Amino acid sequence: TIVDRKLTWQHFEATLNEDNVILLHDIINQTTEELDFRDRVIDMSLGYDALVVTTTSQCLVYNSSNWHTPHVEDLKEPATLIEEVFPGDTNTYDTLFGGRLLSLMDKAGGISCSKFAHREFVTISIDTLTFIAPARKGDLLEVSGKVVFTSSHTACSKVTALAVNKSTWEKKKICEGYFFFVAIDSMMRPIPIPQFVVEEEEERIDWERAKDIREHMLAMKNK
């Protein structure tokens, strides 16, 4: 827990008073603002005219000129890429190359991890992909990555790819898999990340699935 953590920058002082309440004190003007959050606060930083608060589901950025209207980002929302299948992306049967799809899924997974943790990530492992159906020339690809598991330095994104028919806008799932990434600093060294908090049954199922995959990977690596 980080309750009672106190941060100071210039004449501002921020204290996490409860799991979801921050007291912001202006030392010069002797005023105090109470910031309430719907979820538990798991991290906070103060500096350069900004207070950045991370809860179990959101990242909120406050500016010292107005503590009442933060920029809010939902950390659990998936990152989605949409691209068209062009002739150069297909084989002689006019279906999408698997390598092209894998590249897009890897990209979506990495972006979802960066969105969640605000870190740089590199891929360390890809679980066996399930290719369900082909995408064809002219289709749109809707590829979504969503963080479903974290450890101290790594995150797992569940990535789902859909093919969209532009004429009917009918969508079909064509591939799904679990992609594992590690957070790195500018020297390519692993660094800690915020932790995913399971709140719903669907999240628990995905967490357990990703955890089992990771444990299997570690066991194979240690053989």
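**Close-up views of a predicted model**

**View 1. Surroundings of Ile 174 in the predicted model.** When neighbours within four places in sequence are left aside, Ile 174 is in contact with Leu 101, with the run Thr 130, Phe 131, Ile 132, Ala 133, Pro 134 and Ala 135, with Leu 141, and with Ala 161, Leu 162 and Ala 163.

**View 2. The largest nonpolar core.** This core has 38 residues, of which Met 105, Phe 121, Leu 141, Val 143 and Ile 174 touch the most other members. Two or more residues each are contributed by helix H1 (98-117), strand S12 (140-150), strand S13 (154-164), strand S14 (171-184) and helix H2 (201-221). Another core, of 17 residues, lies apart from it and includes Leu 16, Phe 37, Val 41 and Leu 46.

**View 3. Cysteines without disulfides.** The structure holds zero disulfides, and for Cys 113 the closest cysteine sulfur, in Cys 156, is 7.6 Å away, which is too far for a bond because a disulfide requires sulfur atoms within 2.5 Å. Cys 113 counts as buried, at 1% relative accessibility. Cys 175 is likewise in no disulfide, with the nearest cysteine sulfur, that of Cys 156, 14 Å away; at 0% relative accessibility, Cys 175 also counts as buried.

**View 4. An open sheet of four strands.** The strands follow the order S1-S2-S3-S4 with antiparallel pairing, and strand S1 (6-9) and strand S4 (31-36) are the edge strands, each pairing on one side only. Neighbouring strands of this sheet are turned by 20° against each other on average, direction ignored. Within the sheet, strand S2 (residues 12-18) and strand S3 (residues 21-26) run antiparallel and are joined by six bridges, and Ala 14 stands opposite Leu 24 in S3.

Notes: Residues are numbered from 1 along each chain as its sequence is written. This is a predicted model: local features need pLDDT of at least 70, side-chain atom pairs count only at pLDDT 80 or more; totals for chains, interfaces and linings use all residues. Side-chain values use heavy atoms; hydrogens and water are left out. A nonpolar core is a set of buried Ala, Val, Leu, Ile, Met, Phe, Trp, Tyr and Cys residues joined through side-chain atoms within 4.5 Å. Buried means under 20% relative accessible area, exposed over 50%, partly exposed in between (1.4 Å probe, protein chains only). Contact means heavy atoms within 4.5 Å. Two strands pair if DSSP finds at least two bridges between them. Axes are lines fitted to C-alpha atoms, for helices over the stretch in contact, and angles run from 0 to 180 degrees between N-to-C directions.
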